[in-house]
Amino acid sequence: MSRNYNVLLAEDNDDHIFLTQKALAKFQEAHNLTLHIVNDGVQAINFVEKQAPYEAAPTPDLILLDIKLPNKNGFEVLTAIKENKRHRRIPVVMLTSSDADVDIERSYELGANSYVTKPIKTDELFIKLQNIPDYWLGINALPPERA
Amino acid sequence: MRFPGYTTRLMISFLFLSLLATFLTVANSYRLQLSIEQIHARQATVISGANDHNSKTPSQEIAISKTKNALKNNLLFSGFIIGLSVLMAGYTNLTLRKPLAGLLAATHHIAKGRFDHRINVSGVDELGRLISAFDTMTAELYHKDLQITGQLEQLKKTKSLLESNSEDLEKKNKEMEYFIYTVSHDLKAPLIAIQGFLAVLADEFGTAMSPKASFYLDRVQANSEQMQTLIQQLLELSRAGQAVKHLSLFSTRHIIQQVIDNLHLQIKAKNARISLRGHWPDIVGEPIRIKQALANLIDNALHYSQANAPVKIELSVASLANKWRFKVKDNGVGIEPAYQARVFDMFERLGNSTEKNPLGTGIGLAIVKKIAESHSGNVGVRSKPGRGSTFYFDISKELKQSGKSKAEVEG
């Protein structure tokens with residue numbers, strides 16, 4: 001009945017991936033949600049742009065982006081996404097291990113829609129997602145049609 | 001047209017004088033010649049009237065010979081005067097014009113900074129002495145110039161040494177800050193996992209745990225939080241030490257309200273009364289850092305409050321000559337005079353905290369100091385043990401905005 005939502009998680013730390021999955025578990029129950037995981041910045045960009053080996057990847061409905069990623073960091077990935085006309089409407093939530101104002105400010109400067117401080121708590125994530133202007137999964141929007 | 005120089009004029013005068021003398025002499029000679037001819041004519045008249053045609057009277061002979069002598073003397077004198085004038089002109093040229101020209105040339109050299117030039121004209125007269133004094137002066141200047149050049153060279157070397165040293169220092173500083181930043185981030189990653197798993201553990205197995213196990217879990221959580229604070233502050237310290245990047249005009253009233261809002265849990269826990277005093281101006285600075293400095297000072301005041309008295313904290317901004325002074329006044333435990341100078345050093349902690357397990361890391365005030373320094377200001381404290389403390393930090397009034405709008409910063 002409800003459509004499938006694709007969430008891309010860009011994170012290199014396995015424990016953090018596990019804990020983020022835990023935090024997302026409640027959403028996954030409530031909504032038909034598929035979590036895709038990439039481990040570095042270049043993979044994240046390739047996934048969004050459907051470059052090899054992600055030719056068959058769906059366009060994500062939401063991106064959870066760690067700031068400290070190998071190869072290309074979260075800021076670089078964010079810049080690449082927000083500079084691309086086709087992708088810049090995808091909501092991006094930055095995951096930061098420091099709640100330092102400079103990292104947060106930089107994220108917003110580069111066009112992030114929100115940020116969440118690790119360790120990710122379900123409640124906090126939910127509140128942050130609700131505050132994204134075009135509410136991320138269109139959960140309130142009917143019909144949930146989106147390219 | 002250039003007006004002839006003084007010595008040239010002098011020489012021209014000599015020549016003019018000699019010409020005048022010559023003219024006078026020639027005129028005089030002409031007059032004498034005339035008188036000779038008159039004598040001859042008179043003689044002829046006398047002779048025509050007399051018998052002896054060729055005979056002259058002796059007085060006439062004497063007159064003629066005297067006149068001829070005078071004529072000869074006149075011509076000789078005239079020649080002498082001309083010769084003398086030429087000599088005088090030559091002498092003037094040699095003794096006056098040339099040395100003066102040399103002196104003039106030398107002053108030109110000196111004016112151009114060439115102190116090695118010498119006139120080298122010998123003489124015992126005033127001009128000679130003047131020139132030799134001038135040469136001595138130039139020699140003195142030459143030596144002074146050499147000394148100054150040497151010192152300048154030395155200064156240049158010292159300067160470049162200092163510059164390369166400060167560049168080195170800046171580079172080391174940057175490396176150090178980058179190191180702290182990276183380490184803090186990397187230290188945080190496992191800690192975040194620890195805290196995350198602790199939360200999952202409490203969430204999924206909390207109810208199944210014995211009270212002892214819950215207590216242990218609680219202690220692990222408390223300590224991991226302490227460690228997180230420590231790492232967070234190290235991170236903030238490394239940032240506070242960096243040069244300010246975005247100076248903007250902002251409302252201090254606006255940010256102090258944000259700081260108080262952010263600290264409302266701690267304020268509530270202490271049941272503290274926070275009051276804003278006086279005028280809170282719009283100033284130029286980096287609002288994020290000034291917010292942090294204020295937050296750290298208020299946090300510090302809350303932390304070192306007296307257990308048995310209501311906690312009162314007064315906040316104000318004083319306008320001094322060239323700086324803003326942010327003051328945080330408390331009625332807390334105060335600081336012994338011996339410790340007052342050290343409280344802003346890293347990892348200095350006061351022993352008389354009211355809390356059994358103080359959360360203070362000893363970094364908070366060091367961060368305030370770095371923030372003040374990054375705004376060309378300083379920090380300080382006035383305190384009486386048992387009565388309270390007033391901490392302050394200064395922000396220079398001479399900072400210039402770096403192009404960001406107020407709305408952007410506050411947004």
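How many salt bridges are there between chain B and chain A? The count is two. The model in which they are found is a predicted one. One of the two salt bridges joins B:E204 to A:K22, and the closest N and O atoms of that pair are 2.3 Å apart.

The size of an interface is often given as the accessible area lost when the parts come together. For chain B and chain A, this buried area is about 1600 Å², and carbon and sulfur atoms account for 59% of that area.

Next comes chain B as a whole. Chain B has 411 residues, and 35% of them count as buried. Its secondary structure comes to ten helices and seven strands. Among contacts in chain B with a separation of 6 or more, 74% are between residues 24 or more positions apart. Chain B exposes about 25300 Å², of which carbon and sulfur atoms supply 60%.

Is B:K188 buried or exposed? B:K188 counts as buried because its relative accessible area is 1%, and the cut-off for buried is under 20%. The side chain of B:K188 makes a polar contact of 2.5 Å with the side chain of B:Q232.

The second residue, B:L71, belongs to helix 2 of chain B, residues 58–111. B:L71 has a relative accessible area of 15%, so it is also buried. Which residues does B:L71 touch, once its neighbours within four places in sequence are left aside? They are B:S29, B:L32 and B:Q33. For one of these, the spacing is known in detail: B:L71 and B:L32 are 39 residues apart in sequence, while their C-alpha atoms are 6.4 Å apart in space.

The loops hold some backbone details. In chain B, B:N271 has a positive phi of about 50° although it is not a glycine. B:N271 sits in the loop between helix 6 (264–270) and strand 2 (273–277). With a relative accessible area of 65%, B:N271 is exposed. B:S376, again not a glycine, has a positive phi of about 50°. The loop that holds B:S376 runs between helix 9 (364–374) and strand 6 (379–384) of chain B. B:S376 counts as exposed because its relative accessibility is 56%, and exposed means over 50%.

Chain A has a backbone detail of another kind. The peptide bond from A:A52 to A:P53 is cis, with omega near 0°. A:P53 is in the loop between helix 2 (41–48) and strand 3 (62–66) of chain A.

Methods:
Residues numbered from 1 in each chain as written. Chains lettered and ligands numbered in written order. Predicted model: local features only at pLDDT ≥ 70, side-chain atom pairs only at ≥ 80, totals over all residues. Heavy atoms only, no water. Buried area = accessible area lost by both parts, 1.4 Å probe. Salt bridge = Lys/Arg side-chain N within 4 Å of Asp/Glu carboxyl O. Helix = DSSP H or I, 4+ residues; strand = E, 2+ residues; numbered from the N terminus. Buried < 20%, exposed > 50% of the residue type's maximum accessible area, 1.4 Å probe, protein only. Contact = heavy atoms within 4.5 Å. Areas by Shrake-Rupley, 256 points an atom, 1.4 Å probe, with all protein chains shown as cover. Polar contact = N/O pair within 3.5 Å; in protein donor to acceptor, adjacent residues only side chain to side chain.
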